[in-house]
Amino acid sequence: MSDQALIEATGADWQTWLRLLDERGAAELGHAAIARLLVGEFEIDGWWAQSITVGYEQERGLREPGQRPDGTFSASASRTVAAPIGAVFEHLADPERQAVWLGDVELSQRSASPPKSVRFDASDGSRVNANLTVRSDRTVVGVEVAKLGSAEEAAAAKAAWRERLGRLAAGLE
């Protein structure tokens with residue numbers, strides 16, 4: 001995010017926010033406490049407080065890019081498929097159909113809201129959340145993979161899910 005956007009929204013640039021947070025010992029606080037400090041003391045909107053908090057944590061080496069407050073990482077991938085949402089959902093949720101496109105990971109369904117979303121525990125220890133939306137006569141499949149241990153795992157998961165979604169699309173088109 002640019003200094004200009006930050007100034008317009010909050011009245012201060014990155015260097016000012018970094019200094020103000022350092023002065024208040026934010027490096028010793030947790031993520032939620034920093035965000036509460038920004039909202040409470042500086043009356044910053046919640047969205048901007050989260051953005052400043054993440055930027056501060058990354059700048060001070062408290063969090064890597066892509067790292068979540070609990071220390072884990074997540075990755076996402078998406079694909080637009082030339083098929084109706086119901087058919088795409090069935091291919092995502094049905095274990096027999098998963099075998100065709102999924103590859104080297106097994107999914108255990110946690111919950112589903114047909115035909116819009118399905119959530120899984122993966123055999124590699126990650127969590128997989130798939131959301132489907134209709135765009136014209138196509139279906140957009142968005143996958144978020146959570147509970148990854150490192151930035152490297154996140155990069156590998158992103159690449160693997162891009163391939164998996166490509167196989168899913170090929171099987172439906």
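Which residues are linked with Arg 19 in a network of salt bridges? The network joins Arg 19, Glu 23, Arg 24 and Glu 41.

This is a predicted model, in which local features need pLDDT of at least 70, side-chain atom pairs count only at pLDDT 80 or more, and totals for chains, interfaces and linings use all residues. Residues are numbered from 1 along each chain as its sequence is written, and side-chain values use heavy atoms, with hydrogens and water left out.

**Confidence**

The chain has a mean pLDDT of 94 (pLDDT being the predictor's confidence in each residue, from 0 to 100), and 100% of its residues reach 70 or more. Helices (H or I, at least four residues) and strands (E, at least two) are DSSP runs numbered from the N terminus. Among these elements, the highest mean pLDDT, 98, belongs to helix 2 (residues 14-23), and the lowest, 93, to helix 6 (residues 95-101).

**Salt bridges**

A salt bridge is a side-chain nitrogen of Lys or Arg within 4 Å of a carboxyl oxygen of Asp or Glu. By this rule there are 10 salt bridges, among them the following.

| Pair | Closest N and O atoms |
|---|---|
| Glu 23 and Arg 19 | 3.1 Å |
| Asp 70 and Lys 147 | 3.8 Å |
| Arg 97 and Asp 94 | 3.6 Å |

Glu 23 and Arg 19, by contrast, both lie in helix 2, 4 residues apart, about one turn of the helix.

Accessibility is classed by relative accessible area: buried means under 20%, exposed over 50%, and partly exposed in between (1.4 Å probe, protein chains only). Glu 23 is exposed at 51%, whereas Arg 19 is partly exposed at 43%. Arg 97 is partly exposed at 35%, as is Asp 94 at 24%.

**Backbone features**

Most residues other than glycine have a negative phi, and most peptide bonds are trans. Glu 43 has a positive phi, near 55°; this residue is in the loop between helix 3 (31-42) and helix 4 (46-59) and is exposed at 71% relative accessibility. Ser 136 also has a positive phi, near 60°; its loop runs between strand 4 (127-135) and strand 5 (138-148), and Ser 136 is exposed at 70%. A cis peptide bond, with omega about -10°, joins Pro 114 and Pro 115. Pro 115 belongs to the loop between strand 2 (107-113) and strand 3 (117-122).
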